[in-house]
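I opened the model and kept notes as I went. The entries follow in the order in which I looked things up.

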Protein chains: 2
Amino acid sequence: MKRKELVDLIFARKSFLCVGLDVDKNKMPEHLRKEEDGVFLFNKAIIDATIDYAVAYKPNLAFYEAMGIEGLIQLRKTMDYLHSLEKPAFTIADAKRGDIGNTSQQYAKAFLDPNGEFGFDSMTIAPYMGADSVQPFTVYDGKWVILLALTSNKGAFDFQFLPVEGEKKLFEKVLETSKQWGNEENMMYVVGATKADMLTDVRAIVPDSFLLVPGVGAQGGSLDDVCKYGLTKDCGLLVNSSRGIIYASTGTDFAECAGAEARKLQEQMSQALKHYCH
Amino acid sequence: MKRKELVDLIFARKSFLCVGLDVDKNKMPEHLRKEEDGVFLFNKAIIDATIDYAVAYKPNLAFYEAMGIEGLIQLRKTMDYLHSLEKPAFTIADAKRGDIGNTSQQYAKAFLDPNGEFGFDSMTIAPYMGADSVQPFTVYDGKWVILLALTSNKGAFDFQFLPVEGEKKLFEKVLETSKQWGNEENMMYVVGATKADMLTDVRAIVPDSFLLVPGVGAQGGSLDDVCKYGLTKDCGLLVNSSRGIIYASTGTDFAECAGAEARKLQEQMSQALKHYCH
């Protein structure tokens with residue numbers, strides 16, 4: 001999905017919500033745990049209930065890999081379902097990959113290739129190995145790298161805030177350097193919402209880039225702050241919520257409750273788009 | 001596999017060779033490309049031909065994921081085969097994962113759990129997200145984290161050599177900080193062989209830890225230099241060769257040629273163990 005399509009989708013649906021499909025079988029409603037395609041059926045119900053309020057879906061690869069090969073079959077079915085829908089959605093492989101050039105090419109093929117198993121629009125990438133570990137993901141037309149810049153976990157403080165080259169912090173250096181590898185049409189950044197005021201520093205370096213903001217909801221970030229510091233004139237944000245939506249209820253009403261939670265966020269987002277974006 | 005078992009294996013086999021199973025269908029011998037289980041059969045033949053000269057096998061996940069779900073089935077068969085052998089070998093999932101705590105737990109389950117799909121002894125992990133992204137991999141008894149410290153690619157110079165906190169380089173800070181997360185019994189480090197003299201700086205921080213050294217062979221590192229700067233009294237090294245062994249020939253003699261290449265490296269390693277390790 002190209003940038004213009006994504007922006008149009010956001011303003012049409014009045015939402016920049018991304019639903020994180022971090023499916024753990026043990027947290028799914030009991031009646032689905034025994035089903036052969038339970039994980040897919042769970043995702044399908046969540047997607048059906050939220051697609052009017054969300055513009056993106058982000059399966060976290062770890063949760064599918066932890067279920068073994070069967071988990072990846074459930075993921076493929078989920079992606080096939082998303083691709084079959086008339087209502088479009090931006091898809092993110094939350095995979096946090098990154099390796100030397102020829103290996104990153106293989107990861108890009110695995111997740112982004114339109115003829116591959118999944119055909120995601122984008123995937124998350126770790127920056128530690130530098131240019132040749134990231135660039136192979138930018139060669140597919142209309143596909144995106146989402147580079148880790150500032151994450152929302154406690155461990156983010158171990159390295160990402162280290163001062164490098166004087167006053168600059170490592171995550172700022174990552175943002176700056178990465179501008180040589182891609183542009184606003186093929187590169188987004190992960191920026192954790194638990195540090196919403198840091199978005200000002202991020203926007204000083206990448207004023208127009210899309211930011212994927214995890215950590216609203218269970219991880220504790222404030223949506224108001226994220227909007228205030230992060231929104232650009234054409235939005236420039238995808239804000240993720242995982243557990244707060246998909247586990248809003250663990251009963252048979254899980255999809256209905258997920259839809260209601262997504263709708264609440266969408267209503268806030270609709271207001272914010274009206275207020276900040278022109 | 002616990003550290004003592006690994007060290008004993010190294011001195012019994014007089015080798016610290018790791019064979020990188022980075023299998024690309026297009027580079028496999030023609031007669032195997034059409035076979036249903038061609039990738040597994042390729043790996044099996046490579047393993048059979050090299051196991052007397054190698055102590056470790058390192059499938060690179062990207063290459064299997066690029067083949068889709070079928071690739072992971074081939075990987076599972078390969079792992080089942082390795083586990084079935086009477087001759088032991090240390091296994092490494094070259095996966096370069098790392099995510100927030102609850103997600104890293106899922107990755108650990110996917111690759112290290114003895115009841116999981118693959119049951120690797122170890123896996124490679126990216127450090128950018130800090131403590132809680134790494135620690136979930138250290139909780140399985142006899143299993144290992146192999147943390148990226150200094151990689152052998154060109155992009156390594158983008159961030160890993162940045163000066164942080166004065167004179168220190170980022171990779172040195174990663175090594176130092178990581179000592180709070182694990183020890184010589186459950187944590188190794190990736191250190192690229194293209195910068196063999198840097199091993200002196202690495203050994204100053206982690207004198208006794210095992211180092212996984214990629215980049216000997218196709219990536220251009222010198223085994224002599226790696227031995228000189230990296231070996232400890234109980235070895236402390238796993239040196240990887242991928243393409244130099246598995247694609248030594250693309251004909252029907254591929255396994256024989258792989259065995260011959262592995263044997264050459266093993267002979268050098270046997271001399272080095274005699275010379276440096278007591």
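**Core.** I began with the largest nonpolar core, which has 216 residues. Phe16(A), Phe111(A), Leu238(A), Phe16(B), Phe111(B) and Leu238(B) touch the most other members. By nonpolar core I mean a set of buried Ala, Val, Leu, Ile, Met, Phe, Trp, Tyr and Cys residues joined through side-chain atoms within 4.5 Å. Buried means under 20% relative accessible area, exposed over 50%, and partly exposed in between (1.4 Å probe, protein chains only).

**Ground rules.** This is a predicted model, in which local features need pLDDT of at least 70 and side-chain atom pairs count only at pLDDT 80 or more, while totals for chains, interfaces and linings use all residues. Residues are numbered from 1 along each chain as its sequence is written, chains are lettered from A and ligands numbered from 1 in the order in which they are written, and side-chain values use heavy atoms, with hydrogens and water left out.

I listed the contacts of Leu238(B), taking contact as heavy atoms within 4.5 Å and leaving aside neighbours within four places in sequence. The list includes Leu6(B), Ile10(B), Phe16(B), Phe90(B), Met188(B) and Phe210(B). Leu211(B), Leu212(B) and Val213(B) are also among the contacts of Leu238(B).

**Symmetry.** How is chain B superposed on chain A? A rotation of 180° does it, with 0.0 Å of shift along the axis and an RMSD of 0.0 Å. That is the relation of a two-fold axis. In chain B, Val164(B) has the C-alpha nearest the axis, 2.4 Å from it. I fitted the copies by least squares on the C-alpha atoms of residues with pLDDT of at least 70 in both.

**Interface.** Next I looked at where the chains meet. Chain B gives 57 residues to the contact and chain A gives 57 residues. The copies meet through the same surface, because 100% of the interface residues of chain B are also interface residues in chain A. The two chains bury about 4,700 Å² between them, and 63% of it is on carbon and sulfur atoms. In chain B, Ile69(B), Tyr128(B) and Phe159(B) lose the most area to chain A, together 20% of what that side buries. Buried area here is the accessible area (1.4 Å probe) that two parts lose on being put together, summed over both.

**Salt bridges.** I searched for a side-chain nitrogen of Lys or Arg within 4 Å of a carboxyl oxygen of Asp or Glu. The count is 34 salt bridges over all chains, and 4 salt bridges are between chain B and chain A.

I checked Arg97(B) with Glu65(A) and found a salt bridge of 3.1 Å, N to O. The pair crosses between chains, from strand β3 (residues 90–97) of chain B to helix α4 (residues 61–65) of chain A. Helices (H or I, at least four residues) and strands (E, at least two) are DSSP runs, numbered from the N terminus. Both Arg97(B) and Glu65(A) are buried.

Lys96(A) lies in strand β3 of chain A and Asp99(B) in the loop between β3 and α6 (101–111) of chain B, so this pair also joins two chains. The closest N and O atoms of Lys96(A) and Asp99(B) are 2.7 Å apart. Lys96(A) is buried at 7% relative accessibility, and Asp99(B) is buried at 2%. Lys58(A), Asp94(A), Lys96(A) and Asp99(B) are linked in a network of salt bridges.

I also noted a pair within helix α13 of chain A: Lys264(A) and Glu261(A), 3 residues apart, about one turn of the helix. Their salt bridge is 2.9 Å, N to O. Lys264(A) is partly exposed at 48% relative accessibility, and Glu261(A) is partly exposed at 26%.

**Rings.** The whole structure holds 20 aromatic pairs over all chains. Rings of Phe, Tyr and Trp (its six-membered ring) pair if their centres lie within 6.5 Å; planes under 30 degrees apart count as stacked, over 60 as edge-to-face and the rest as tilted. Phe42(A) and Phe254(A) have ring centres 5.0 Å apart and planes at 15°, so the pair is stacked. Phe42(A) is in helix α3 (residues 38–50) and Phe254(A) in helix α13 (residues 254–276), so the pair ties together parts of chain A that are 212 residues apart in sequence. Phe42(A) is buried at 0% relative accessibility, and Phe254(A) is buried at 5%. Ring pairs link Phe42(A), Tyr247(A) and Phe254(A) into a cluster.
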